[in-house]
Amino acid sequence: MAQSDNTGGNSTRGAMMRMTIGIGVLVVLTALLFFFAPEGFYPWAKAIHILAVISWMAGMLYLPRLLVYHADAEKGSVQSETFKVMERRLLRGIINPAMIVTWVLGLWLAWKVFGFHGGWLHAKIGLVLLLSGVHGYLAGAVRKFAEDRNEKPARHWRIVNEIPTLLMIAIVILVVVKPF
C-alpha cells in the first residue's frame with residue numbers, strides 16, 4: 001500500500017498549509033456565526049457542539065490506542081500500512097473536522113450565552129486549549145508513523161492515551177458544576 005502523503009521536506013510545508021487552512025476555516029466559520037446566526041440558532045448550536053465534542057473525544061481516545069498497536073507492528077508490514085491508513089482517515093475525516101466545529105460553536109456559545117465571563121469558562125477554555133495541543137501532538141505522531149519515523153514505545157502511547165480522558169473529565173465537571 002503506497003502512502004500518498006508527502007515525505008521529507010514537503011511534509012512540513014504540507015502540514016503548515018493544512019494548519020493554516022484549518023485555522024482559516026475556524027476563523028471564517030466563527031466570524032460568520034458571530035454576525036449571521038439567527039435568533040433560534042442557540043439550541044441547534046448547543047446540540048451540534050455536543051455532537052462535535054463527542055466525535056472529537058471518540059477520535060482522541062481511539063487514535064492513541066491505534067498508535068499503541070502501531071508502535072508494536074513491524075515497519076513496512078501489512079499491519080503497519082493498515083494502521084497508517086486508519087490513523088490518517090481518523091485524523092482527517094473525524095478528529096480534525098470535529099475539533100473545528102467544537103471550537104467554532106464553543107466560542108459562539110461562550111460569547112452568546114456567557115459573554116466570555118466566568119472563572120469556570122476561562123478554565124474550561126484553557127483545558128480545551130490543552131486538549132487541542134494534545135490533538136496537535138497526535139497529528140504530528142500520525143505524520144511520523146506515516147514516514148516510519150516513530151521512536152516512541154507502545155508504553156508512551158498508552159500513557160498519552162490517558163491525557164484526553166483526564167482533560168475530558170475536568171472539562172465536563174467545569175461545564176456541569178461551574179465551581180467558580
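**Terms and the values behind them**

Author: This is a predicted model. Helix H4 (residues 119–146) and helix H6 (residues 162–177) have axes that come within 9 Å and cross at roughly 160 degrees.

Reader: Why are H4 and H6 called roughly antiparallel?

Author: The term applies to angles over 145 degrees. The axes of H4 and H6 cross at roughly 160 degrees, therefore the two helices are roughly antiparallel to each other. Their crossing is left-handed.

Reader: Which residues make the contact of H4 and H6?

Author: H4 supplies Trp120, Ala123, Lys124, Leu127, Val128, Leu130, Leu131 and Val134. From H6 come Ile163, Pro164, Leu167, Ala170, Ile171, Leu174 and Val175. These residues divide into 14 nonpolar, no polar and one charged.

Reader: What makes H2 and H6 roughly antiparallel?

Author: Helix H2 (residues 42–72) packs against H6 at an angle of about 150 degrees, and their axes are 8 Å apart. The cut-off is again over 145 degrees, so H2 is roughly antiparallel to H6. Met57, Met60 and Leu61 of H2 make the contact with Pro164, Thr165 and Met168 of H6. Sorted by type, the residues of this contact are five nonpolar, one polar and no charged.

Reader: What elements does the protein have, and in what order do they run?

Author: There are six helices and zero strands. From the N terminus on, the order is α-α-α-α-α-α. The C-alpha trace spans about 55 × 30 × 25 Å along its principal axes.

Reader: How do you know whether His49 is buried or exposed?

Author: A residue counts as buried when its relative accessible area is under 20%. His49 has a relative accessible area of 11%, so His49 is buried. This residue is found in helix H2. Not counting residues up to four places away in sequence, His49 touches Thr102, Leu105, Gly106, Leu109 and Lys124. In the protein as a whole, buried residues make up 37% of the 180 residues.

Reader: Which residues touch the most other members of the largest nonpolar core?

Author: That core has 33 residues, and Trp56, Met60, Leu63, Ile95, Leu138 and Trp157 touch the most other members. H2, helix H3 (78–114), H4, helix H5 (154–160) and H6 each give two or more residues to this core. H4 gives the most, with 11 residues. Taking Ile95 as an example, its contacts are Trp56, Gly59, Met60, Leu63, Leu90 and His135, not counting residues up to four places away in sequence. Another core, of eight residues, lies apart from the largest one, and its members include Phe41, Ala45, Val104 and Leu109.

Reader: What makes Val176 count as exposed?

Author: Exposed means over 50% relative accessible area. Val176 has 63% relative accessibility, so Val176 counts as exposed. This residue is found in helix H6. Val176 and Trp120 are 9.8 Å apart in space, C-alpha to C-alpha, and 56 residues apart in sequence.

Reader: Why is Asp148 called partly exposed?

Author: Partly exposed covers what lies between the buried limit of 20% and the exposed limit of 50%. Asp148 has a relative accessible area of 29%, so Asp148 is partly exposed. This residue lies in the loop between H4 and H5. Lys178, at 36%, is therefore partly exposed as well, and its place is in the segment after H6.

Reader: What phi do Asp148 and Lys178 have?

Author: Asp148 has a positive phi of about 55 degrees although it is not a glycine. Lys178, also not a glycine, has a positive phi of about 45 degrees. Most residues other than glycine have a negative phi.

Key: Residues numbered from 1 in each chain as written. Predicted model: local features only at pLDDT ≥ 70, side-chain atom pairs only at ≥ 80, totals over all residues. Heavy atoms only, no water. Axes fitted to C-alpha atoms, helices over the stretch in contact; angles between N-to-C directions. Helix = DSSP H or I, 4+ residues; strand = E, 2+ residues; numbered from the N terminus. Parallel < 35°, antiparallel > 145°, perpendicular 65-115°, else oblique. Left-handed = near helix turned anticlockwise from the far one by under 90°. Contact = heavy atoms within 4.5 Å. Nonpolar A, V, L, I, M, F, W, Y, C, P; charged D, E, K, R; others polar. Buried < 20%, exposed > 50% of the residue type's maximum accessible area, 1.4 Å probe, protein only. Core = buried A, V, L, I, M, F, W, Y, C linked by side-chain atoms within 4.5 Å.
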